[in-house]
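Subject: The two-chain model, handed over

Hi,

Here is the structure I promised to pass on.

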Amino acid sequence: MRSHPRYPSSAVPALPWLAALLYSTAARADAPLGYLSGNGPRNVNHLTWGLLIISILVFVIVIAILLIALWRGWWQPKITFPGTAPVYDPPGGVRAIYAGLVLSVLVLFGVTVWTVATIASISSPPQKPRLTIEVTARLWWWDVRYLSDDPAQTFTTANEIHIPVGEPVSFVLKSPGVIHSFWVPKLTGKTDLIPGQTNVTWLQADSPGIYRGQCAEYCGLQHAHMGMEVIASQRPRFVEWRRKQLLPAQTPTAETAKMGRAVFMQRCSICHTVRGTPAGGVIGPDLTHLMSRRTLAAATLPNRPGFLSGWIADPQHIKPGAKMPMASLSGPELNQVRDYLQTLQ
Amino acid sequence: MSDADYFRAPVLANDTQALRRRLENTWEGEPGIRGWLSTVDHKTLGIRYIVTAFVFLALGGIEALIMRLQLAQPNQSLLSPEQYNELFSIHGITMILWYALPILTGFSVYLQPLILGTRDMAMPRLNAFTYWVFLFSGAFLYTSFLVGAAPNAGWFNYVPLSSQASDPGFNIDFYAFANILLGISTTLSSINFIVTILSMRAPGMSINRMPIMSWGTLTVSVGSVLSVPAVSLAFFLLWLDRRFGTQFFKPESGGHPLLWQHLFWMWGHPWVYIIVLPALSMVSQALPVLCRRPLAGFSLVALATVLTMMLGYGVWLHHMFATGLPNISLGFFSAVSIVIAIPSGVALFAWLATIWSGRPVFTTSFLYFAGFIVVFVIGGLSGFMTGSVPADWQLHDTYFVVAHIHYVLIGWNLFPVLGALYFWFPKMSGRLLDERLGKWSFWLTFLGINLAFFPMHLLGLRGMPRRIYTYPPDMGWDTINLIVTTGAFALAVGLLLTLVNVVLSLRRGVLAGPNPWDGDGLDWSVPSPPPPYNFAVIPMIASRTPLWERPLSHSYELSSLTYGYALDQGKEALSTTTLDALPKAIVKMPEDSLAPFLLSVVLTILFAALMIQSWWLVILGGVVGLAITVGWLWPRRKLAQTAGTLP
């Protein structure tokens, strides 16, 4: 083998990515599920950022050592294989290993303490939650039930969780079918929903806003489209929202909506509940106040009339494998059902 | 025949052409198709393992590329959700089970007898059997594609998603039986390694002179034997739940889905170390040769290898941090998951010290090892981050973890393997791989992996969940996904170049000679490729670096490589004591045999019959299998052996 041509150091390609990492995490406003910015006492940004920075520092140090070692090697007389290559056994290697060992033990010990302290500090809310919400994961949407000691104050909605800001909210997590995971990145990490086991968690939003959530445990065909939204607002607004949610559905007045209501009762009520009507199905989401929600089909579509029609007409096109069958409505029927649903304010 | 006939002191002799001719006649395999199926030569089997594992790597890689096309842009419909789910499941299963360990097993099967100074594995027929079972278990798995029922619940196969209620087809059964079949192969090959390494080392190769690569293989072999039963059991219980109405994982009748996760990860996490430690030990074995000095901190690295494996048993819960565990478990498993970075760090510092104080030679394999260190560090650091529970509650099941696992598997497994390929290909084929093509391949692979997987960290930090078949455009993931797809194809082209290199060099490569890198181990003392009997005389070892004793003047005595035990009365090898490697017995090595091949065919048919519950075929397979086993084990006077003592 002849002497080798020069090559740039092997670490160079990684460095632009490191810069990209820092830049992109700084410009993070456009990532609804990003978790390097968040709020509330249960988010752990300080720890995640801390570990990230330690990791980047360690990376830079190690790669610097590697580069210097390669640099030194590069300028030594070239070795020709086979046969004449010298061999030697320089001292000192073990001491360097011990030095690295001591340093890493110190850092890792510190991180372990920090970790355990963080677990302790977020394991229970700062004050006793006034609100408990039971979330049941279905295939592939979220059944949301606001619990209360007073049965008249209990109600069900889906895929959209309203909470008051500035106070902890307790969550009871259940799943009848397969394992899912409840995750609202900007407010809290993941807690699994496991059949045969009820998990509890809590979260708190310190500023009003819409926080996107997502199922984080692979749960079958439509795991990709199992989103939700947590909407945090000031307590008076939240109370107002809850008061409206407790009301039964309004009776439609327009002619097409009335006809749509009849079609709905015939074709849709086996799966869906609309409180205040005969529709009492519990397989699909409660639609009593469908129009108060921002999204359809577990945060898959915006809740606008066109999307609503499209979803009813052919759910399997939008969410292949979803449990909502194609209802095979005629064109007029479809419009009537849509008009009826739009009365569910 | 009297007892006395069995006692024989082996003769010490010089390595002569006459001796080699005699050994050649004894050890030469049969020609033709029968010889091909019946060979027990560890070198042939090792290469078969390597080739087969690379085929699985290619299959898994193609699956990955198809998935990356689907994910290159938001809302694409190249794949249906079911197709995507099957692809990501089979991709993970293939890479983790049918590529990652078998490739290392292949290198170990090929190299261990050579670096230990013996003529074959301790149990050559078992070696053939484990290869065939590995091959057929993979074929069994891929049959699921042909019948349209590929596994679709992920490689981790969580219950209840994989239960009969939610997945009634054969999809999961294919995975279950293929996994158990592979588990048989893994367990038996591990036992074979343990016996070989502990009792077949060349005389004088006491445990502290054993090559570092043997430490890696020995450690993970013990690890496999202790952990594989957990997953085999899990799949067996799942099959009972699915097909016979037992209730191990069913919550409605007292079972629990989390039992699956515990059993799975009790195997699954040690497995992560099992599929990287031998690769790391290949780096520790080869890197010093290319740095012209012995490995810095040899004993520390050996200890770190064992310690990593042991700690590896105490971290499985970190896959389950989000399942609602008590704080005390979280604290404990978090601490171990962080602490396990310490022994990995030791190995890292040892490689750095070796390069720093050595005189690196910038061959392709060295580039792969240096590049590996970069990738190793990134994979290690992301692992350290996920070890911290509260951070993991965010990182878990996002693309951050996808990035992590790929840095670990590609970085800690594939890069060392490619380095090892460039390093040991000359030994296996007699020809050097082309350096120019190799360097192109390295740079493309290195760029490819960083382009494909580094941005995945960002996707994860931006909240992209794993295992989604598509994503909406307004999540801030579009550009990064496109970059990732580009990187995946660059990586594929880089790997393809190495394949081209192998094909070209097999015919046109420069002849290597026995020791092209001027290495220190016994593997470099034999011709390339080695003769069927490996060593004409069993060498006698006086140090860790038998070929470097003169330049290093480490030891008072010198290893004897051309004068040793001849062992030429039939296929023979030497067994030595475990710690001191004192000669213990002459081992009669078995002839080639069709039994391992036939038994593995029958075993595979038996498993298929169990899966489709064809009971008459099960009984038939059982009887035939038993008959072959009896034939295999039937005592033969020729192989008779008693514990002979040496004068």
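This is a predicted model: local features need pLDDT of at least 70, side-chain atom pairs count only at pLDDT 80 or more; totals for chains, interfaces and linings use all residues.

Let's start with chain A. Its secondary structure is 8 helices and 12 strands. Along the principal axes, the C-alpha atoms of chain A fill a box of roughly 95 × 50 × 35 Å. The radius of gyration of chain A is 28 Å, whereas a compact globule of 345 residues would have one near 20 Å.

Chain B has 20 helices and 5 strands. The C-alpha trace of chain B spans about 75 × 65 × 50 Å along its principal axes.

**Where the chains meet**

The contact between the chains takes 89 residues from chain A and 89 residues from chain B. On the chain B side, the elements that give two or more residues are α4 (81–116), α8 (257–274), α11 (327–339), α12 (341–357), α13 (364–387), α14 (389–395), α16 (435–461) and α18 (549–552). Which of these gives the most? That is α12(B), with 12 residues. Sorted by class, the side of chain B that touches chain A has 55 nonpolar, 25 polar and 9 charged residues.

A helix pair to look at here is α2 (residues 45–74) of chain A with α13(B). Their axes come within 10 Å and cross at roughly 165 degrees. An angle over 145 degrees counts as roughly antiparallel, so that is how α2(A) runs relative to α13(B). The crossing is right-handed. From α2(A), the residues making the contact are A:L51, A:L52, A:S55, A:V58, A:F59, A:V62, A:I63, A:L66 and A:L70. From α13(B), they are B:A370, B:I373, B:V374, B:V377, B:I378, B:L381, B:F384 and B:M385. By class, this contact of α2(A) with α13(B) comes to 16 nonpolar, 1 polar and no charged residues.

**Two helix pairs inside chain B**

The axes of α4(B) and α6(B) come within 11 Å and cross at roughly 20 degrees. Angles under 35 degrees count as roughly parallel, so α4(B) is roughly parallel to α6(B). Their crossing is left-handed. On α4(B), the contact uses B:I93, B:L97, B:L101, B:T105, B:S108, B:Q112, B:P113 and B:L116. On α6(B), it uses B:Y175, B:N179, B:L182, B:T186, B:S189, B:F193, B:T196 and B:I197. The contact of α4(B) with α6(B) has 9 nonpolar, 7 polar and no charged residues.

The other pair is α7 (residues 212–244) and α10 (residues 298–312) of chain B, which pack at an angle of about 15 degrees with their axes 9 Å apart. That angle makes α7(B) roughly parallel to α10(B). Here α7(B) passes α10(B) in a right-handed crossing. The α7(B) residues in the contact are B:I212, B:W215, B:G216, B:T219, B:V220 and B:G223. The α10(B) residues are B:F298, B:V301, B:A302, B:T305, B:V306 and B:M309. They divide into 8 nonpolar, 4 polar and no charged residues.

**Backbone spots to check by eye**

- B:V159 and B:P160 are joined by a cis peptide bond, with omega about 10 degrees. You'll find B:P160 in the loop between α5 (124–146) and α6 of chain B.
- B:S528 and B:P529 are also joined by a cis peptide bond, with omega about -15 degrees. B:P529 is in the loop between α17 (478–508) and β2 (538–540) of chain B.
- A:A298 has a phi near 60 degrees, a positive value in a residue other than glycine. A:A298 is in the loop between β11 (295–296) and β12 (301–302) of chain A.

Cheers

Note on methods: Residues are numbered from 1 along each chain as its sequence is written. Chains are lettered from A and ligands numbered from 1 in the order in which they are written. Two residues are in contact if their C-beta atoms, placed from the backbone, lie within 7 Å. Helices (H or I, at least four residues) and strands (E, at least two) are DSSP runs, numbered from the N terminus. Ala, Val, Leu, Ile, Met, Phe, Trp, Tyr, Cys and Pro count as nonpolar, Asp, Glu, Lys and Arg as charged, and the others, Gly among them, as polar. Axes are lines fitted to C-alpha atoms, for helices over the stretch in contact, and angles run from 0 to 180 degrees between N-to-C directions. Angles under 35 degrees count as roughly parallel, over 145 as roughly antiparallel, 65 to 115 as roughly perpendicular and the rest as oblique. A crossing is left-handed if the near helix is turned anticlockwise from the far one by less than a right angle, and right-handed if clockwise. The radius of gyration is taken over C-alpha atoms; the globule rule is 2.2 Å times the number of residues to the power 0.38.
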